Amino acid sequence: FYKGLKDAGFLLDWGDDGSGLFLKYLRRGSGYYIDVGASQLIIDGKVKLKSGSSIAEVKEHSVVLTDGTELPADLIVLATGYGSMNGWAARLISQEEAD
């Protein structure tokens with residue numbers, strides 16, 4: 001499973017000390033991915049990934065990246081990050097309650 005994701009360009013991260021996703025969740029409340037079916041689409045090549053480059057230009061039917069690559073695109077999904085649940089709760093309630 002993970003080899004298939006990695007081979008497709010998915011950036012795997014097991015935490016700073018390699019302890020895995022569960023401890024990463026407990027420590028940060030972010031930085032993990034819960035598969036709801038998209039992983040197999042990525043592995044099968046039905047969903048394409050491109051990491052390590054930024055968008056330079058969006059055209060009508062493609063996106064041009066800063067490395068010069070132009071990719072045809074019906075849909076562009078920007079996965080820019082995920083905020084920790086602690087941080088969200090702190091903003092909504094208070095840091096004391098979030099902790």
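**Surface patch.** I looked up the nonpolar surface patch and found about 380 Å², made by Phe 1, Tyr 2, Leu 12 and Trp 14. Such a patch takes residues with over 30% relative accessible area and no salt bridge, and nonpolar side chains (Val, Leu, Ile, Met, Phe, Trp, Tyr) are joined within 5 Å. A salt bridge would be a side-chain nitrogen of Lys or Arg within 4 Å of a carboxyl oxygen of Asp or Glu. Areas come from the Shrake-Rupley method with a 1.4 Å probe, and for residues only the protein chains shown count as cover.

**Basis.** I note that this is a predicted model, where local features need pLDDT of at least 70, side-chain atom pairs count only at pLDDT 80 or more, and totals for chains, interfaces and linings use all residues. Residues are numbered from 1 along each chain as its sequence is written, and side-chain values use heavy atoms, with hydrogens and water left out.

**Tyr 2.** I placed Tyr 2 in helix α1, residues 2-7 (helices are DSSP runs of H or I, at least four residues; strands are runs of E, at least two; both are numbered from the N terminus). Tyr 2 is partly exposed at 39% relative accessible area (buried is under 20%, exposed over 50%, partly exposed in between).

**Strand β2.** In β2 (residues 62-65), Ser 62 and Val 64 point one way, Val 63 and Leu 65 the other, and all are buried. In a regular strand the side chains alternate between the two faces of the sheet.

**Partners.** I found β2 antiparallel to β1 (residues 55-58), with three bridges (pairing needs at least two DSSP bridges). Val 58 stands opposite Val 63, and three residues lie between β1 and β2 in their hairpin. Three bridges also join β2 to antiparallel β3 (residues 70-72), where Pro 72 stands opposite Ser 62. The β2-β3 hairpin has four residues between its strands, and Gly 68 in the turn has a positive phi of about 95°.

Definitions and conventions:
Patches are made of residues with over 30% relative accessible area and no salt bridge: like charges are joined within 9 Å, nonpolar side chains (Val, Leu, Ile, Met, Phe, Trp, Tyr) within 5 Å. Buried means under 20% relative accessible area, exposed over 50%, partly exposed in between (1.4 Å probe, protein chains only).
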